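Visitor: I would like to learn how to read helix packing and ligand contacts in a model. Please take me through some cases.

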Amino acid sequence: MSSTDRDLDVIPIAQPVIGPEEEAAVLEVLRSGHLSLGPKVPEFERRFAEFVGSTTASAVSSGTTALHLAYRAVGVTDGTEVVTSPFTFVATANAAVYERARPVFADIDPVTLNLDPEAAAAAITERTSAVVPVHIFGYPADMVAFEALGVPIVEDAAQGLGGVHHDGIAIGGRGHPSIFGFYPNKQLATGEGGMITLGSAEMKVTIDSERNQGRAPNMDWLDHDRLGFNYRLSDIACAIGLAQMDRLQDMLDARARAAGWYREALGPLATERGLGLPCPDGATIEGDRRGWFVFVVQVPHDGPSRDEVIRALRERGVQSKPYLPAVHLMSYYRDQFGYREGQFPVCEDIAARSLALPFFPQITQAQVARVSATLADILA
Ligand SMILES: Cc1ncc(COP(=O)(O)O)c(C=O)c1O
């Protein structure tokens with residue numbers, strides 16, 4: 001077998017769904033000559049806000065820049081503290097550091113893997129400027145408990161598109177600034193891109209100004225009345241986003257179907273070998289529903305390590321990744337903020353054993369079966 005033949009056999013970890021509709025949408029923008037600050041931006045914002053049921057939304061250049069502007073909007077600033085989960089992508093914490101705020105971590109719930117509201121409550125001080133629940137792996141955080149804390153909330157919903165809370169409100173639709181990201185592995189992909197869903201039209205005015213160098217809508221070109229950034233999303237990206245909106249529900253359904261195949265195929269490994277699987281919908285609050293983003297499992301305590309499993313999978317043509325490493329144990333956070341092992345034991349145990357398996361809307365049942373059989377073989 002040549003190396004090309006072997007390469008063809010590799011099951012990738014993620015893959016966006018891009019078709020003729022996205023190609024046509026991009027071509028239309030290119031031919032219009034209106035590549036930025038054009039009509040596709042508000043159209044994408046409207047469609048996205050409608051999907052999650054938010055009052056309004058602002059499109060920005062990434063999930064990370066969305067976090068930065070959302071933090072600024074709720075008053076995260078120099079010397080304040082942002083309480084969040086250590087089991088997240090590093091951007092959740094980094095964006096607080098951009099404003100010279102301190103990321104204060106609190107441990108996660110062992111079932112949902114989301115920030116534990118009681119642990120978050122214990123971490124709140126008079127310096128807390130925001131609490132940031134992360135809807136990790138698309139599973140809805142317990143927002144009712146966070147709302148009871150009486151602290152400004154920013155929701156990191158970068159992984160949460162399509163998830164629904166027990167009360168029927170979609171992730172990102174509760175009125176707190178909620179951020180989404182459109183990197184190619186996400187439920188909706190524009191290459192790079194992000195969105196902030198908002199309950200306040202007034203907040204949108206500030207955010208739209210800050211994403212555009214601090215220019216108010218009624219101001220002239222090159223006139224600026226506040227500090228701003230270039231966090232704009234181009235019309236090309238927004239056009240891709242609009243084409244993706246048309247197929248969003250189908251893509252979400254396909255991910256949920258693939259998750260069902262995995263759950264069935266890996267069920268015996270969970271019961272007989274102690275493999276950790278994503279918690280089912282309604283695991284802690286009846287009616288909570290995941291928006292499927294990744295399929296992450298935890299290797300058992302008593303077998304090969306997570307990294308050994310990843311290596312063995314790779315040797316057999318299955319891509320997988322450690323997902324996610326604990327943020328507080330990253331060298332930057334250890335060095336700058338003094339975090340150490342042992343501070344968040346639930347997160348540390350889960351993070352050390354977690355890996356993401358191949359997961360994307362076009363994955364076939366045969367591919368899921370091959371991944372699952374390979375994993376079973378490695379853990380046997
Ligand atoms: C939880 C979380 N927050 C923030 C981000 C940042 O998004 P982006 O990569 O679009 O900047 C990501 C990206 O994966 C994420 O998973």
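Guide: Helix 4 and helix 5 are oblique to each other. Angles under 35 degrees count as roughly parallel, over 145 as roughly antiparallel, 65 to 115 as roughly perpendicular, and the rest as oblique. This is a predicted model, in which local features need pLDDT of at least 70 and side-chain atom pairs count only at pLDDT 80 or more, while totals for chains, interfaces and linings use all residues. Residues are numbered from 1 along each chain as its sequence is written, and side-chain values use heavy atoms, with hydrogens and water left out.

Visitor: At roughly what angle do the axes of helix 4 and helix 5 cross?

Guide: An axis is a line fitted to C-alpha atoms, for helices over the stretch in contact, with angles from 0 to 180 degrees between N-to-C directions. The axes of helix 4 (residues 63-74) and helix 5 (residues 91-98) cross at roughly 45 degrees and come within 9 Å. Helices here are DSSP runs (H or I, at least four residues), as are strands (E, at least two), numbered from the N terminus.

Visitor: Is the crossing of helix 4 and helix 5 left-handed or right-handed?

Guide: A crossing is left-handed if the near helix is turned anticlockwise from the far one by less than a right angle, and right-handed if clockwise. Helix 4 and helix 5 cross in the right-handed sense.

Visitor: Which residues in helix 4 and helix 5 meet?

Guide: Contact means heavy atoms within 4.5 Å. Helix 4 brings Thr64, Leu67, His68 and Tyr71, and helix 5 brings Ala91, Thr92, Ala95, Ala96 and Tyr98. By class, this contact has six nonpolar, three polar and no charged residues. Ala, Val, Leu, Ile, Met, Phe, Trp, Tyr, Cys and Pro count as nonpolar, Asp, Glu, Lys and Arg as charged, and the others, Gly among them, as polar.

Visitor: How do the axes of helix 4 and helix 8 cross, and at roughly how many degrees?

Guide: The axes of helix 4 and helix 8 (residues 201-211) cross at roughly 135 degrees and come within 10 Å. That makes helix 4 oblique to helix 8. Helix 4 passes helix 8 in a right-handed crossing. On helix 4 the contact uses Leu69, Arg72, Ala73 and Val74, and on helix 8 it uses Met203, Ile207, Glu210 and Arg211. These residues divide into five nonpolar, no polar and three charged.

Visitor: Which residues come nearest to the ligand?

Guide: A residue is near a molecule if one of its heavy atoms lies within 4 Å of it. Of the 14 residues around the ligand, Gly63, Thr64, Asp156, Gln159 and Lys186 come nearest. A polar contact is a pair of N or O atoms within 3.5 Å. Gly63 places a backbone N or O atom 2.8 Å from a ligand oxygen atom. For Thr64, a polar side-chain atom lies 2.5 Å from an oxygen atom of the ligand. A side-chain N or O atom of Lys186 is 2.6 Å from a ligand oxygen atom.

Visitor: Where does Arg100 lie?

Guide: Arg100 is in the loop between helix 5 and strand 3 (102-105). Although not a glycine, Arg100 has a positive phi of about 60 degrees.

Visitor: Which residues does a cis peptide bond join?

Guide: Tyr323 and Leu324, with omega about 0 degrees. Leu324 sits in the loop between strand 9 (321-322) and helix 11 (331-337).

Methods. A polar contact is a pair of N or O atoms within 3.5 Å; within protein, one must be able to donate a hydrogen and the other to accept it, and residues adjacent in sequence count only if both atoms are side-chain atoms.
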